[in-house]
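The exercises below ask you to read a protein model from its overall form down to single residues. Try each task with the sequence and the structure in view before you turn to its solution.

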Amino acid sequence: LYDKLSVATADLEVVFAASSKKRKSYSRISLEDAVGKISRLPEKTEVGFLFGNERTGLTSEELKYSNYRFALPQATEQPSYNLAAAVLITLFRIYSLSEHPADGSQLEKPLPQNEQLACIEIILGKLEEKGFLHKTNKKHTSEMVCDLFGRLCMTEKDRRLLLAMFSKGIDRE
């Protein structure tokens with residue numbers, strides 16, 4: 001058990017969050033797409049799953065600790081599943097991967113989540129220094145940046161490139 005989500009996800013390399021709620025700042029994929037992404041990860045990748053509580057689900061702040069957000073298929077307009085059912089559906093679909101192996105195109109091993117988030121925080125700091133992030137857009141734009149770079153499932157090579165780009169201070173002409 002962990003007191004903080006940041007500690008619980010720190011050493012995970014890819015985190016998937018189940019959310020039926022549509023968000024302006026965070027993109028969402030289907031469960032099938034999530035399973036497809038999992039099947040392409042290197043075998044020893046540390047993968048985690050976030051599920052919110054049954055009444056309120058996950059907050060936008062909690063979603064920043066995930067690389068991907070996925071929705072479970074639903075036959076009705078019911079906005080959410082019982083937590084146990086949501087976990088069971090997700091794990092069963094992942095378990096069924098053994099019946100349909102990956103197509104062989106494997107992704108590179110991502111950095112641990114805490115290192116991915118640290119890089120994103122540096123980028124957000126640079127964007128704020130440049131005036132791209134400001135009082136009126138900071139929350140929404142920060143969430144969009146977390147979504148964009150979170151979906152990258154950042155590798156060491158990605159981090160080096162991003163930090164080099166943002167340390168040079170890309171300016172408009």
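**Exercise 1. State what percentage of the residues in the protein chain is buried, and describe the chain as a whole.**

Solution. The model is a predicted one, in which local features need pLDDT of at least 70 and side-chain atom pairs count only at pLDDT 80 or more, whereas totals for chains, interfaces and linings use all residues. Residues are numbered from 1 along each chain as its sequence is written, and side-chain values use heavy atoms, with hydrogens and water left out.

Next, take the secondary structure, for which helices (H or I, at least four residues) and strands (E, at least two) are DSSP runs numbered from the N terminus. The protein chain has seven helices and four strands, and from the N terminus on these elements follow the order α-β-β-α-β-α-β-α-α-α-α. The radius of gyration, taken over C-alpha atoms, is set against the globule rule, 2.2 Å times the number of residues to the power 0.38. For the protein chain the radius of gyration is 17 Å, close to the 16 Å that the rule gives for 173 residues, so the chain is as compact as a globular protein of that length. Its C-alpha trace spans about 50 × 35 × 35 Å along the principal axes.

Finally, consider contacts, which means heavy atoms within 4.5 Å. Of the contacts in the protein chain with a separation of 6 or more, 81% are accounted for by residues 24 or more positions apart.

**Exercise 2. Work out how helix α5 and helix α6 pack, and which residues make the contact.**

Solution. Axes are lines fitted to C-alpha atoms, for helices over the stretch in contact, and angles run from 0 to 180 degrees between N-to-C directions. Helix α5 (residues 113-129) packs on helix α6 (residues 138-150) at an angle of about 140°, and their axes are 10 Å apart. Angles under 35 degrees count as roughly parallel, over 145 as roughly antiparallel, 65 to 115 as roughly perpendicular and the rest as oblique, and α5 is therefore oblique to α6. The crossing of α5 and α6 is right-handed, where a crossing is right-handed if the near helix is turned clockwise from the far one by less than a right angle, and left-handed if anticlockwise.

On the α5 side the contact is made by Q116, I120, I123, L124, L127 and E128, and on the α6 side by K138, S142, V145, C146, F149 and G150. Sorted by class (Ala, Val, Leu, Ile, Met, Phe, Trp, Tyr, Cys and Pro as nonpolar, Asp, Glu, Lys and Arg as charged, the others, Gly among them, as polar), the contact of α5 with α6 has seven nonpolar, three polar and two charged residues.

**Exercise 3. Describe in the same way how helix α2 and helix α4 cross.**

Solution. The axes of helix α2 (residues 31-39) and helix α4 (residues 83-95) come within 10 Å and cross at roughly 45°, which means that α2 is oblique to α4. The crossing of α2 and α4 is right-handed. In the contact, L31, E32, V35 and I38 of α2 meet I89, T90, R93 and I94 of α4, and these residues divide into five nonpolar, one polar and two charged.

**Exercise 4. Decide whether V14, Q113 and K22 are buried or exposed, and place each one in the chain.**

Solution. Begin with V14, which is found in strand β1 and counts as buried at 0% relative accessibility. Beyond residues up to four places away in sequence, V14 touches L41, T45, E46, V47, G48, N67, Y68, P110 and C153.

Q113 lies in helix α5 and is buried, with a relative accessible area of 2%. Leaving aside neighbours within four places in sequence, the contacts of Q113 include T9, A10, L12, E13 and V15, as well as K64, Y65, S66 and N67.

K22, by contrast, is in the loop between β1 (14-18) and β2 (29-30), and at 69% relative accessibility K22 counts as exposed.

**Exercise 5. Locate C153, and state what its phi value is near.**

Solution. C153 is in the loop between α6 and α7 (156-167), and C153 is buried, with a relative accessible area of 8%. Phi of C153 is near 50°, a positive value in a residue other than glycine. Most residues other than glycine have a negative phi.

Conventions: Buried means under 20% relative accessible area, exposed over 50%, partly exposed in between (1.4 Å probe, protein chains only).
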